[in-house]
Amino acid sequence: MDLEPSQEQAAILEALERLLEQHAGARRAVALGAKGEYDHELERVLSESGFADVARSEEAGPLEAALVVEAVARHAGAVALGARTLVVPGVQEAPLEGPVALARADDAGPVRYACHARTLLLDEGEVARVIELEPGEAEPVPSQFGYPLGRLETARRRGQACPTGSGERMRCWWRVALAAEAAGTMRAALDLTLEYVRQRRQFGRAIGSFQALQHRLAECHVLVEGSRWLAREAAWQGAPALAAARAAAHAGAAAARVFAETHQLSGAIGFTREHDLHVFSMRLVALGLELGGVAGHRRATARARWLATP
Amino acid sequence: MEFSWSDEEVRFRRELVAFLEQVLPPDWEQISKDGPGGDGQARFSREFAARLAERGWLTQHWPRRYGGSDASPWLHAILGEEMWARGEPRGPQYMNVNWIGPAIMEYGTEAQKQQHLSRISRGDVLWCQGFSEPEAGSDLAALRTLALRDGDDYVVNGSKIWTSYANHAEFCFLLVRTDPASRRQRGITVLLMPMDLPGVEVREIPAVVGERYFHEVFLDGVRVPVACRLGPEGEGWAVVSYALQYERVGAARYARASLTLDRLAEHASQRGWLEDPRVLERLGEASALVDAARILTYRVIDQRAHGLPPSADTNVARVAGTRAEQAVAELALELFGTESLVHGSFGDAQFRSAMTAGVAVGASEVQLNLIASRLLGLPRE
Amino acid sequence: MSLDLALDEAQQAIASTLAAFCREARSEAASRRGGRPAPELWSGLAELGVFALATPEGEGGAAELVAALEALGEASFPGPLAASFFATQVLDAEERARVVGGEAWVALGVPPLLPWAPEADIFLALEGERVFRARPRGAVERVETLGAEPWGRVELERERELDGAERGRDLFHLSLAAYLAAAGRRLLEDASEHARNRRQFGRPIGDFQGVAHPLADCAIRLDAATALARRAAERFDDAAPDAPSAAATARLSAGRAALEAAYTAHQVFGAIGVTLEGPVFHVSRRIRQLVSLVPGVDDAREALLAELGLGGEGRR
């Protein structure tokens, strides 16, 4: 057990930070989001620099991939990175043509990135199914939740099933991806709020000096840190069912709390478009609903821990 | 960054668990029901800690010259987990090995190290912690117990309260004020006081969590030799701060919470409740919180293993641990229903300890303050 | 439907009479000691007509009963109060008279673990929505409990099914709700008093938002719980169709609010709250005990869901 980043990991993360500062960020996310666009440019940059496929490299693996997903989320990058770098490699050897959207067969709701995805990976329970998507096949769904959404009906019946057991693998890696993405998103939301309360003055002092606020933010920090480290542990361990489920359960519950607190403490300005908080906070809502939501992750945690079959 | 256990660590845990299964008596639950300070447990702990010491396991993380084997803090953390999960058979001695010994190593004179460290590492001595006073709880710096210099002694007058293990202890890690004109952190001194000195009186305060949990210690003209002073006079606050960092995560309370959860799940399973998705959700929720406390504690151990100075991550781990304990206690209430009210039952014990989780070893509010100021950069009032 | 939930004059009179009674009879000391309280305490309540409330023989309805229970909750009055009120709704006139007269103690629950079984004269066994008059088969094995009430494990033999279980349950829930909300409020006030007086870091600890805000949050929830209990009482007295869900809501709300007050009080009082002789534990243990009484929160929740036309899956 060694929880400090190695030199190699530190170097990767440092290089990634620089890249994300240039190619991602909340402003960019808002601009693309207003047009319902996918950040192909960011995905290309991540791909060319090797960050997008770090899990498949010799020297790195799913932990590094989770660290990358977390960092990209923290910089408001809305690309299907979790799918590409954690879920697909967890299900099969060969990469899929991206962007890759993830959906569940028993959930007819809108799917993240469906309108821009080239491939759909569908959780059918026992197996995962790989489905090639036609351009324009998905029906865009207007969304305020910080990600482009679309509905896919007919596509779900096509494609190729992966071997037995691939469904479970897909769900586990999807949980790890969600946890990592939520952790990065929460971190950004919290950091924005901290910055705000440090400088916002009321009653003759910075509102961040009020103990009630301090305690609430400190509780959020504890939740975010726990989420981030459980996600990393699960990724490193190869997304076994229990570790993956508890990471997602913790991150999902934390996300709901962080959403509420960051908005409460940022007051009216937190809801405006000029302030960046909504970029992150609304995504927390969307992430919290994916793959059966917190309740689903919690049940999966209990089953994995105490019941023989998941 | 990696999350594996080494072969050595896996082997150690396996050996340790086998040892515990062999050594703990069949009525251990009964013996340990009052916690580490209870009579039965304190008595058992002397023998038990000595046996651990014989195997080199009591203070393995200490430097060799003080009775350790320079082992990685991870081995000690593994030991702590297995101990706390089982209600702490080391009794009050877990305190000695976690922070009293380290404080003496850091600040002690050679004579003090000789006198105390070998006994601690042999598992041969019980200590108590003389910190809180009636007017100085969370605000420890408000302490008033006076120790005035008279020749080669300090004459100590005052009282301590909420002192765990005072009735059995041979020594007290005692915080006093040596400069009567001083206020707050300045002028505080640490004394390693023998408890059998004339003028020391211990009185139990009946507590809800079991026997011998809380005591008042009255100090009436106690003459404590100057040689018992730990660190420089008037600079005890630095010593205390150092010690507290170790104290905060010394007890692997999440390990106990985890075992409790396993029992709750077993109870639920026997009644067919694991078919109920709501029960699964509540169990999963608590499980995630317990593991968050675990991993955040590992962060702190890791920092120690890297030789990094203690950070406010200890406070983060502490808060996570409290939240996990409280969640498990609430779940016991929900799942066990009326059975949890039976005196001496599992749920009963959980409720009692949940009442203390947020106030023991540093109140949650203080932990949150430290997180806010040291990690979040939030300004003091 | 009235939205004015303040106690009227008659209800206030009941509340203050009972508060005075509790003080004089030292009910709180009895609660601290635990076990069965002295007979004068129970007969005193009976003489004041408390057990007759909401019965044909009594002078008031559930609204008066709630006022009484607020006073009793504030004083942590010991004994099977809610069970007695359940019993007065289902027993025949003769047995009801014994309960109303304070001569018969009621053990109500799902066997084998029953509250007050070692002391009970009348046993009522619950099964789902039904209640049965029952009698012990064999000895009662006495069990001590967290809340210092003597409970017992006993096999029960059913004698006959009783009518009125729904009314019994509603009254049970709303009486517990009123009691718990008041007990929680009592802890809140004690904790607030402590926060005003206890000085650390050079000022009253209540000056710290980390202490004050949780107390304020509790006050809000307890106020709501009290209001819900009073409203549920009104609905009961009006025989309104939503009386069951109102009672269930009140029970759920008060249970949560009281437990939260207990945790917050422990947090504010620190180590003092962990002592046996301190101001907190004898109340918080009682709250903890009563929150778990059967018919329970789950039953309350089911009633509420049924009213809303929801639920039905995953029943235990």
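## Starting at Arg112(A)

Let's begin with one residue in chain A: Arg112(A) has Leu149(A) as its bridge partner in S6(A). Keep in mind that this is a predicted model. That pairing belongs to a set of two bridges joining S2(A) to strand S6 (residues 149–151) of chain A, and the strands run antiparallel.

## What the Arg112(A) side chain does

Which residue does the side chain of Arg112(A) meet in a salt bridge? The partner is Glu181(A), at 3.0 Å from N to O. Arg112(A) lies in strand S2 and Glu181(A) in helix H6 (residues 166–199) of chain A, so this pair ties together parts that are 69 residues apart in sequence. Both Arg112(A) and Glu181(A) are buried.

Chain A has another pair to look at: Glu261(A) and Arg216(A) form a salt bridge, and their closest N and O atoms are 2.7 Å apart. Because Glu261(A) lies in helix H8 (residues 241–266) and Arg216(A) in helix H7 (residues 211–236), the pair ties together parts that are 45 residues apart in sequence. Glu261(A) is buried, at 9% relative accessible area, while Arg216(A) is partly exposed, at 29%.

Over in chain B, Asp70(B) and Arg64(B) form a salt bridge too, with 3.7 Å between the closest N and O atoms. Are these two buried or exposed? Asp70(B) is partly exposed, with a relative accessible area of 47%, and Arg64(B) counts as exposed at 57%.

Chain C has a whole network of salt bridges, linking Glu95(C), Arg98(C), Arg133(C), Arg135(C), Arg137(C), Glu157(C) and Glu159(C). Over all chains, the structure holds 78 salt bridges.

## A covered strand in chain C

Stay in chain C for strand S1 (residues 106–109), which is covered on both faces. Val106(C) and Leu108(C) are buried on one side, and Ala107(C) and Gly109(C) are buried on the other. In general, side chains in a regular strand alternate between the two faces of the sheet.

S1(C) pairs with strand S3 (residues 122–127) of chain C in the parallel sense, over four bridges. Within that pairing, Leu108(C) has Leu124(C) in S3(C) as its bridge partner.

Definitions and conventions
Residues are numbered from 1 along each chain as its sequence is written. Chains are lettered from A and ligands numbered from 1 in the order in which they are written. This is a predicted model: local features need pLDDT of at least 70, side-chain atom pairs count only at pLDDT 80 or more; totals for chains, interfaces and linings use all residues. Side-chain values use heavy atoms; hydrogens and water are left out. Buried means under 20% relative accessible area, exposed over 50%, partly exposed in between (1.4 Å probe, protein chains only). Two strands pair if DSSP finds at least two bridges between them. A salt bridge is a side-chain nitrogen of Lys or Arg within 4 Å of a carboxyl oxygen of Asp or Glu.
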